Amino acid sequence: MSEISAIFFAFLAALIVAMTSVAVRIGTQKNRSSDILAVVLIVNLIVFIPLAFLIHHPNYGLTYRSIGAFIVAGIVGTVLARSLYYEGIRHIGASRAEPMKASNPMIAAIAAVILLGETLSIEIIIGILMIVTGVALVSMEITSRKEKLKGSLKGIMITLLASFFYALDPVFNKVGLEEVTPILVGLALKAAAGGIVFFAYLWWNGKLPILSKMDSSQWKWMLIAAVCNTCFLIAYFLAISSGPVTIVFPIMQTSPLLVAGISFLFLQRLERVTVRLLVGAFVVVFGASLLTFLSLS
């Protein structure tokens, strides 16, 4: 029964990720990507901090190690990864950014070889090559639109950099959770750290969101993205707490295909879903799932 719950929550998390990406795509038509991330962070804080206080007060299970780990996770995963990813969506679209973000298992595998001295098996090599091939197909599909070549190349590089930071995020989350810090407390601390750093950065650069200047027609999509992101985090942690990660992570790698499907059905005005894009997304998903399964088995 626990494995069935894990599968359900993993698919739910993948679907919510896809919905978040689509909402970000629509929400950044007339607003900055930093505006939508600000809304996402505010909703995260409104939800996680009160829940953590109400459920776990007064024993929050924090240690110096878990505090440090979740603070770094907030900076790496919330500020750097998410801000770059939302900007990538703004440049190249959700259906193209999501397969590139899904390449992060390849980055994690390469880092394990370089930093931890792990060996490359034939299966890992195949998984890496599949991800590289899939990303190349998606990149070729993006850059084939010559009139937007400069913006497309920028979007590709930004999204790949976001994928790098997404690959680091689970490492610090795992360190924090290994200290037996409750999930909600970790999420609250991570959101608080990310929010402080992000809003301090915006204030320092004079880029704090001004509500009166934000396009009102995009507000509902920014709120949808924020709620979806918060629900994703809950579904994700419910999934990994219900069953083995060898089941959860490969299922969650299906999000690029879900994004492509949703974009094809509802975003034809904004994004053109081509055969090359679908093939590239499928190859990335298969390679990422293979790498994730091997690394966790």
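A residue is counted as buried when its relative accessible area is under 20%, as exposed when that value is over 50%, and as partly exposed in between. This scale is applied below to a predicted model of the chain.

The secondary structure of the chain comprises twelve helices and zero strands, so that the order of elements from the N terminus is α-α-α-α-α-α-α-α-α-α-α-α. Of its 297 residues, 49% count as buried. The accessible surface of the chain amounts to about 14,200 Å², and carbon and sulfur atoms contribute 73% of this area. Among contacts with a separation of 6 or more, 89% are made by residues 24 or more positions apart.

Salt bridges were examined next. Side chains of opposite charge can pair when their charged atoms come close. The count of such bridges in the model comes to five, among them the pairs D169 with K190, E87 with R90 and K101 with E98.

The side chains of D169 and K190 form a salt bridge with an N to O distance of 3.0 Å. Because D169 belongs to helix α7 (residues 149-178) and K190 to helix α8 (residues 183-204), this pair ties together parts that are 21 residues apart in sequence. K190 has a relative accessible area of 10% and is therefore buried, since the limit for that class is under 20%. D169, at 11% relative accessibility, is likewise assigned to the buried class.

Two further salt bridges each lie within a single helix. In the pair formed by E87 and R90, the closest N and O atoms are 2.7 Å apart. These residues are three positions apart in helix α3 (residues 64-92), so about one helical turn separates them. E87 is buried, with 16% relative accessibility, whereas R90, at 35%, is partly exposed. In the other pair, K101 and E98 meet through their side chains at 3.4 Å, N to O. Both residues are in helix α4 (residues 94-101), and their spacing of three residues places them about one helical turn apart. The relative accessible area of K101 is 13%, which means that K101 is buried; E98 is also buried, at 0% relative accessibility.

On the surface, L51, F53, L54 and I55 form a nonpolar patch, and their accessible area together is about 410 Å². I55 is located in helix α2, which spans residues 33-56. With a relative accessibility of 53%, I55 is classed as exposed, because the threshold for exposure is over 50%.

Backbone geometry was also considered. Most residues other than glycine have a negative phi, and most peptide bonds are trans. In the model, the peptide bond from H57 to P58 is cis, with omega near 5°. P58 lies in the loop between α2 and α3. A positive phi, near 65°, occurs at V180, a residue other than glycine. V180 is situated in the loop between α7 and α8, and its relative accessibility of 67% places it in the exposed class.

Key
Residues numbered from 1 in each chain as written. Predicted model: local features only at pLDDT ≥ 70, side-chain atom pairs only at ≥ 80, totals over all residues. Heavy atoms only, no water. Patch = residues over 30% accessible without salt bridge, like charges linked within 9 Å, V, L, I, M, F, W, Y side chains within 5 Å. Areas by Shrake-Rupley, 256 points an atom, 1.4 Å probe, with all protein chains shown as cover. Salt bridge = Lys/Arg side-chain N within 4 Å of Asp/Glu carboxyl O. Helix = DSSP H or I, 4+ residues; strand = E, 2+ residues; numbered from the N terminus. Buried < 20%, exposed > 50% of the residue type's maximum accessible area, 1.4 Å probe, protein only. Contact = heavy atoms within 4.5 Å.
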